[in-house]
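Dear colleague,

Please find the structure below.

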Amino acid sequence: MAGIACLLLGCLLLMPAPARAGVANAPGSNLEVSLITYGPGETYWERFGHDAIELRDTVSGEAVTFNYGVFDFDESGFLLNFARGQMHYLMDAAPSEVDQRYYTEVGRSVTRQHLAFTPAQAADLRDYLLWNLQPENVRYEYDYYVRNCATRVRDALDKALGGTLKPQLEARPGGMTFRQQTARLMSQQAWLMLILDLGLGPYADQPLNAWQESFLPEVLQQEINHVTVASIDGKAQPLVLSQNLLSPNRLVPPPAEAPDLRLPLALAGLALAALLASAHRFAPTAYALLGSLYLVLAGLVGVVLLILWTLTTHHSAWANANLLLFNPLAFLLLRALWRSRKHLATSRLANGVIVVQLVAVLIACALHLLSGVVQQNQPWLLFALPVWLVMAWSLRHRPS
């Protein structure tokens, strides 16, 4: 993504230039409005794709794309704000040719959808985008799912269209949840996909309509094909007048469906449990080391999940049921684990922690019997359940 310096073009657009014809001062009848959608990239922050609004002056030929995907590394406290979930993103403008050339060169698809805007709507959109580009208006509070580069583009289009876009998309059901779309798009970075799935709470599993799911550029691109608007003479017409693939995708595309993580994590949990049980009998030191690694990781995951819930505005991570499976109580079992290596008795505290942890796992399983939105964390249940059962057995087991 570009830095704050990319706003220079916006400054040029906002400068009065009576002798210069172009997007900034063209009449609405000369403005052509298009939605530009860029396919997913190879780097993890590019996996969700990107989009922009293109305004083209049909008389001068000038074309400018406006997008909302810029962040500033030099912003004071950027990394701390990022960790807290208080991310500030910016709007940017660039010549279409320059903007689209980059995506073409790196192999990402570029699609243009020419939209049916009346002259008045096109002028209103242009004025809003130029207002939004002013330094005092350029920043916004970013959220992965509800305020990102695609939703800001969607909202700007809806505003200029008089609010006709939102009700039509809200009436259409979405295809996937936030969790499913995240896993699908991040599946080529398996380690990151697992981390994100572990960190997402029940918010990510709510049913979505097409308006909500258009937080993804490719979904917005697909869904606006179903939208109709009123023409100048009042008749209904498709919002998308034409669609052209300006540059094909040359990268490995993401899968059409989210991967099912239940079997892989269930097998991983069974394998780890079997390894712990075997090591407990035949290699006590290896058992203690492997068990300690699991307990430390479980405790650290619990600490991170608690911080995300209580100290950040990452709403998608709040009330995470995986805290019942991985939590800081695991640290209290480390001493008992090493004592069990020598077949020493487990302390009353450790026994209590084991009971609490097993009850927590059972509660996590029972939550799936409730109605309403339930966190879809079955893969992590299938992973953790056999491991905790073996840990409880090994800590209480005494050789005869």
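A charge is taken to sit over a ring if NZ of Lys or CZ of Arg is within 6 Å of the ring centre and within 35 degrees of the ring normal. The charged end of R154 meets this condition over the ring of W211, 3.7 Å from its centre. R152 likewise lies over the face of Y140, at 4.5 Å from the ring centre.

This is a predicted model, in which local features need pLDDT of at least 70, side-chain atom pairs count only at pLDDT 80 or more, and totals for chains, interfaces and linings use all residues. Residues are numbered from 1 along each chain as its sequence is written, and side-chain values use heavy atoms, with hydrogens and water left out.

The structure holds 16 aromatic pairs (rings of Phe, Tyr and Trp, the last by its six-membered ring, with centres within 6.5 Å; planes under 30 degrees apart are stacked, over 60 edge-to-face, the rest tilted). One of them joins Y44 and W45: the ring centres are 5.3 Å apart and the planes at 80°, so this pair is edge-to-face.

Y68 lies in strand β3 (residues 63-71) and Y140 in strand β6 (residues 139-142), so the pair ties together parts 72 residues apart in sequence; strands are DSSP runs of E, at least two residues, numbered from the N terminus. Both Y68 and Y140 are buried.

Yours sincerely

How values were computed:
Helix = DSSP H or I, 4+ residues; strand = E, 2+ residues; numbered from the N terminus. Buried < 20%, exposed > 50% of the residue type's maximum accessible area, 1.4 Å probe, protein only.
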